[in-house]
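Me: I should like to learn how to read the features of a structural model step by step. Please give the general idea each time, and then the case at hand.

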Amino acid sequence: MYKYKIFLLSAIIVMGAVACKKAELQLVNPNAPTPTSALITESGIESYAQGIIVRPIVNVPQEGVTNIQELAWAQQIILGDECYIPYGNFAFRWTNQVYKVTLPDGRSFTTPIGVPQKTSLQGFNSRDAGELNAFQYEWSYCYYFIKQANTILYAVENPALTFSGNAATKKAVLRAWALWWKGYCYSRIGSMYIAGIINNDTTFNFTVNNNFVSRQDIITEATRNFDLSLSVLSGLTNDADYYAVMQTIIPSFSDNSIAHLVTPAQWIRQINSYKARNILVSKKIPDMTAADWTAILGLANQGLTASDNIFKKGLTPDGSNDVSGFTFPYLLANQQNQWFFISERLVQEYKPGDTRLDRNFVQGVVNDANKRSRGLQFGTRWIARNIEDGGSYSTITGQGYVNYACTYEENALMKAEALIYTGQVDQGLQAIDEVRNYQASGLPAVAGTGLTKAQALEELRRERRVALVFRGLSFFDARRWGVTAPASAGGGRVGAIINVPASLAGTPGNTPMACFVEYNYMDYFDVPQNELDFNTPGPGSVPVKQ
Amino acid sequence: MLWIFSTSITSLFAQTKEKSGKITDANGTGVSYASVKVKGSSRGAKASADGSFKIMVNDNDSIIVSAVGYETRTLLASDANLGSIQLQQDIRALNEVVVTGVGVATDKRKIAIDVSSLNSKDIPKSAVASIEQALVGKISGAQIQFNSGTPGTGATIQLRGVTDVGNTPPMILLDGIEVSDLNGLDVASVERVEVVKGAAAGMLYGAQGAAGVIQVFTKKGSRSKKPSVSLNTQLSFDQIIKGNRPLIAKYHSFETDADGYILSGGSKITKSPTGQWSEPDLLDPAVDPNVVNNKPYKEQTYDHIEQAYKKAFTNNLSLNINGGGEKSDYSFTLSRFIQNNVLDNQYQRVNLGSNLGFELFKGFTVRNITQVIHTQDNLLSGDADIQLAATNSNRFSITNSWPFIDFKFKDSTGHYVVNNRAGDQSLNPLSERDWHQRETNSYRVLNNINLNYKFPRFVELDYKYGIEVFNTDYTNTYFNQSSALQYSIAKWGTAPLGSINKSYARFTNQNSLATASVKLDFQNDFKMDIPLRSTTIVGYDWRKREYTAYFTQSSNLAPYPPINLNSGLIKSNGDGLFAGDPLGNFAFATYGVLVSQSFDYGNLFGISGGFRSDYSSEFGEATKPFTFPRGAVYFRPSELLKMHNLLDWKIRGAYGEAGIQPNYYARQVTLGTFPLGSGGLGLLLNSQVSNPALRVQRSKELEIGTDITFKSNLDSWLTRITLSATYWNRKSTDIIQDAPLPLTSGAGTLTDNLISITSKGFDISLDANVYEGSSIKWNTGVRFGRARSIADQIALHKDIVNGFFAVKEGQELGILYAPTPLHSINQMRPDGKTPYIDPSQAANYEVVNGIVVDKASKKALITDPTDQSVLGSVYPKFNMSFINSVVIKNNLTISAQLDWYYGNKIYNIVRQWLYRDRLSRDYDDAITVDGKPGAYVNFYNSLYNSVQPISWFVEDGSFIRLRDLSVSYNFTDAVKVKWVKNLTLSLSARNLFTITNYKGLDPEATGSEDSQGNAQTSVAAFKGADYFHVPNLKSFIVGLNIGF
């Protein structure tokens, strides 16, 4: 019998060793911190502030994990006809689908899709369309930013949060940072959508409101946040505590060396420039008032200077630990990825003798026309020269930076435009010359050459196209200048270069020709159905679709 | 009372004496609890656990000895053999003993649930590589799908339709202990597989049993048996399945010169110095809608599939030694499996297995079962790269490339061209081996110890503890490509300067299971005169899984050897297999108690009931248990009918509830972490919001079935027919959905228990001895399964749409959903009143082959993106298998298995991509528009319409596949060598032919990818998208088995 006892005893011991303890079930995720544990520490809140730029990395239906902020940037670049993308992915093909191209001999070709861009994009405005709903990208990432910014503002006020050094300064930097991004995102929404939501919920719940307000009200909200940020920044100096925070919230691939960090004063000038941009791009030229131009001039005069550091984004050379994948604009433009094709309509803006053309673009490597029969605008003889070879807009080893917001050149050209429109043509031309010199264009000065206002505006138009390429402004310009309006409303572009296919040109090879291009694009995007399916507009909401 | 009295009197007057004996099986092992009865009396005894018994008998009594699973024997009490009675296994009635789903070994005739099984002797000769190969087609109601022909990829298994939208696989048990999966387990070590298919049989499995259970039993030795050695070797010759129709068009529609040569930019197409071909000019149907695809290639063309896929050899060698001593049994298995890949390189596996049992003292046995699996592979291309969630798209360029490109062309540096198509990002897979090396080494040890004590009467205690340790070592190297001609335009890997990534992962899985069972026989144990038996099971089950992984990476490698982590300029490392891996580490624990009580009344009927209650670290804030009740009943009319032809008939019904656990940490709200630059870390709100209150996903299943065995009156024909049929009906509730949130909330989805699914279907299996003559025996088997699962409820009643996959309320699961071409000229938009075509324009359109075409432009018209249709389900309406084997003169065996999938749909993404470049074979087909025939390019182009899903590429995926055809001859008698106990040579073929209308390469090699190759989860589909999977293999196998 003793054997049974041994068995039973050992069985009991073994079972006892694994006996149920409820405590054993309290397994805590070892991979990630919780808001309550992380955000009461200095490094936690600073990592949280830094992490805001990761929020656009989401799973896009039919495409996988992608940075949708960069998709929105790509939309701007192709809508502004700096580059084109002939591919259907992310609805790019429909986004930059010009309605009609008329050849010099009068033959005209409507898009193979048959309908204007608005009809296509609105047709895809459903969740069923998945990645093809072009309206979702800018919208989504902006509200993701805003939510994280709201919770930064909330977490910063937590009494349990402790800092080394000057806590007041460090908290102030984090507040300024969160408010800056809120201002930035409301600016993006207000500049691109007919309506939006103001979300000031600072909790870690994900509640929403259904009060859709107009794009003008969204810009007002942007201004409100910018002004709050300005008031915080005005109390800061570029001391050690300021830099300590800035250096941790800007990642190394975006250059967080002390010399290149934005100082409080530079940040203030950045916000002033952005406020000027919001006035400029929110109205079409004929709707601009003298007061608007004066306001722009006033802000631009307090805006970015040539030596200012700005908020920018770069890459790591091997693609690890950055937030880009292949959607970073300069990666989209490289010869391997072949997503951005350089538009003939951009290249034609370079004035003869402008050294920026040869520096940045190479002719002859490609000769595409009517790529995949998707439309005549999808053709080019140009590729971007790699940064590794002295270019600016393409990289193969993760070089270069793109700007999140305003630059010195943009500010100078806003100043120029306001000066010209307020009758100070030559001062305006001087500002244009400054930009051209700053970018080492090699072009002779136009100031003092006696140009008329109309000629000065043409100089300005070309310079904005050329100097601000890849900066997300070209579509706003085309919209306010009336280029993207239907031809019946005076829109379109005369003399636009199209690389016409041999069969159509009647020539042995493809031939560039000056054509009439009718873009006929939507001015503002509708609210994406991805939102509306789960958030029905409440009473008093403005229209959410056109 | 009177009757009992009178029989007692009889016994009193007889010359009774006690006799003792032992009941054993053919191997000499005691048959536990066998029943010994005196015919015509109430006297009887029950054998003890080791088979020994004592009984009071008269010399002229007839003694009836019976035991579950054995043929009943009748002996005279005076028989000298009474001391040692050997029972033969009851082969005729095939009354197997099953364990899975019932807890204690039970005669299959007396179980109330549907348990399917496969014995090693029924494993097809061509099933060399995996247990899934052995199982496919053998289990009714199991859908086993081989999604790829890449070595080591296994299969996806779904039992009885859709249980949850994440396609949780069935639980896998190895000799009673849970293991992570079937991958790498050795077919040669399998003795038997049992499958229970759903919650009704989920009594034992509670919160993890809802998707069904597959239990593998490894080979065991036998007591008092001399060593027996079996050596098995197979050589397989493999090639890909290519389909019955070419993928690529014979003709083209490029611009050509006067001599018919293709032009690019006005001059003949050429290859650049780096080996890239310029993009040919396509004739533009916008300019001329009458462009047709009818030009023959003047250039030399190449079959890229032929260039890329090789014929490859697989060989497998396995050795089994088994036997046993008086109180012990042993079995050792050793296998070595080497599979060369049809694309590149190879996969190797070594399996060591042992199964050792010892009876330490009477009634107490200890068993230790070990499986050691080492796999190693250096596969390239295909879908081998575990780092990629997406299917590796290298097959894209194999399929989707201009026919005039020679993939085997080498550039001036002696390398294959990396990108041979300007204007396209696809890479030449043949060039991969120049710049990429990878290797995976995995070590998996499964050990299971079992202590079992059978008390002399009533009680059996059983304790099992198993641990699985799974280590994976992974190295992935992309060389520095600065010397490559295409350095600035194409590369392998993420950076042209190369990278080396090493990762290590360890997974452990522990399962501890203590069971006490009490068996009472009211007749024998309590001398009550009712044939009632009771079985009580009380169990405690504990499981824990732990996983940890880390990686280190070095990039911008030196262009000279050696290439190692030290040779890179940029280094990074982290938890998980890659930066930002959300589940780089995890642990999971669950435990539960099980109580079950069953009563059997003779052999006539039985009833059982019980519950299991589980705690888990993953639900109910880790504090609340969930309880899963169960009940079952069977009734055997054959006991009453006593018909000569009816050998057995059982009617059974069972109801059970079981669960599926939420994902790891889905209930815990955390911040996302993301490494940023050097030394930076981003914390962020996750766009998928967790839910602390998450509950277990629950399935309630009712199954009703019958098992019937009968025979014909003919001598040789239909000597035994067994039909087993089950109807099942399941309601799954609290299924977890990542429900969308409004974007302005700042998050994308909230995880919650929101979906309900109803499923029902039939599982039928039929086995027959069709003919049993002296020289020929013919057996046949049919398996049939039908399942249909409907989504009853989804969050906010809003469809889940992911590409062409959708989940819609009231619709079947696994549906494809997309716009369709217009089918009639007066078709209306979804509002029901606006026609797609203005009636005044109707004359400009006509219906061609069922779809509306614009006569002038030749374009097909397609419904709006908001007007989509359900295009069928990726799951078959039924699947069915036909298995036949014929044995001639005991030596020659011919067997065949046909698998049939019927009514499933496939979205042929490959074909849609081929439309992009006018390469699809379809472009050669002329249609007639406006009275004029032609292979109009605009017609096909309009159907491509970029990557937008469209019904045109949804095809019938039905197929019939000859899964196995084997001929084997047993030479044992012929060679007449004394020590050779078995010598069998077999020739077999796997996947020899496929009958299908499907236009792709292989209708079985599909997955749930989107048009870019990203695997789609939470769409309740694990197949149905043909995205450049490596097709399955057609194999010819020679096998030799020697036993001595």
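**Reading the model**

Reply: In H8(B), the buried residues are Val937(B), Asn938(B), Phe939(B), Tyr940(B), Asn941(B), Ser942(B), Leu943(B) and Tyr944(B). Here buried means under 20% relative accessible area, exposed over 50%, and partly exposed in between (1.4 Å probe, protein chains only). Helices (H or I, at least four residues) and strands (E, at least two) are DSSP runs, numbered from the N terminus. This is a predicted model, in which local features need pLDDT of at least 70 and side-chain atom pairs count only at pLDDT 80 or more, whereas totals for chains, interfaces and linings use all residues. Residues are numbered from 1 along each chain as its sequence is written, chains are lettered from A and ligands numbered from 1 in the order in which they are written, and side-chain values use heavy atoms, with hydrogens and water left out.

Me: Why is helix H8 (residues 937–944) of chain B largely enclosed by the rest of the structure?

Reply: An α-helix has 3.6 residues a turn, so residues three or four places apart point the same way. In this helix 8 of the 8 residues are buried, so H8(B) is largely enclosed. Its buried residues pack against strand S46 (851–854), helix H7 (909–916) and strand S51 (927–929) of chain B; contact means heavy atoms within 4.5 Å.

Me: How is a sheet read, and what is the order of the 5 strands in the open sheet of chain B?

Reply: Strands of a sheet pair through backbone hydrogen bonds, either parallel or antiparallel. Two strands count as paired if DSSP finds at least two bridges between them. In chain B, an open sheet of 5 strands runs in the order S10-S15-S16-S13-S14, with mixed pairing. Strand S10 (115–119) and strand S14 (177–179) of chain B are its edge strands, each pairing on one side only. From one strand to the next the twist averages 25°; axes are lines fitted to C-alpha atoms, for helices over the stretch in contact, and angles run from 0 to 180 degrees between N-to-C directions.

Me: Which strands pair with S16(B), and in what sense?

Reply: Strand S13 (residues 171–174) of chain B pairs with strand S16 (residues 213–218) of chain B in the parallel sense over 4 bridges. Within S16(B), Val213(B) is the bridge partner of Met171(B), and Ile214(B) stands opposite Ile172(B). Strand S15 (residues 190–196) of chain B is joined to S16(B) by 6 bridges and runs antiparallel; there Val190(B) stands opposite Thr218(B).

Me: Are the faces of S16(B) covered or uncovered?

Reply: In a regular strand the side chains alternate between the two faces of the sheet. Both faces of S16(B) are covered, with Val213(B), Gln215(B) and Phe217(B) buried on one side and Ile214(B), Val216(B) and Thr218(B) buried on the other.

Me: How many residues has the largest nonpolar core?

Reply: A nonpolar core is a set of buried Ala, Val, Leu, Ile, Met, Phe, Trp, Tyr and Cys residues joined through side-chain atoms within 4.5 Å. The largest has 181 residues, and those with the most contacts inside it are Trp177(A), Trp180(A), Tyr184(A), Trp267(A) and Phe340(A). Helix H8 (residues 167–192) of chain A gives the largest share, 14 residues. A second, separate core of 75 residues includes Tyr309(B), Leu816(B), Tyr923(B) and Tyr944(B).

Me: How many residues does each chain bring to the contact between chain A and chain B?

Reply: Chain B brings 110 residues and chain A brings 100 residues. The area buried between them is about 8,800 Å², of which carbon and sulfur atoms give 58%; buried area is the accessible area (1.4 Å probe) that two parts lose on being put together, summed over both.

Me: Where is the pLDDT of chain B below 50?

Reply: pLDDT is the predictor's confidence in each residue, from 0 to 100. Chain B averages 90, and 95% of the residues score at least 70. Over residues 1–14 of chain B the pLDDT is below 50, and over residues 384–391 of chain B it stays under 50. Where pLDDT is low, the predicted coordinates should not be read in detail.
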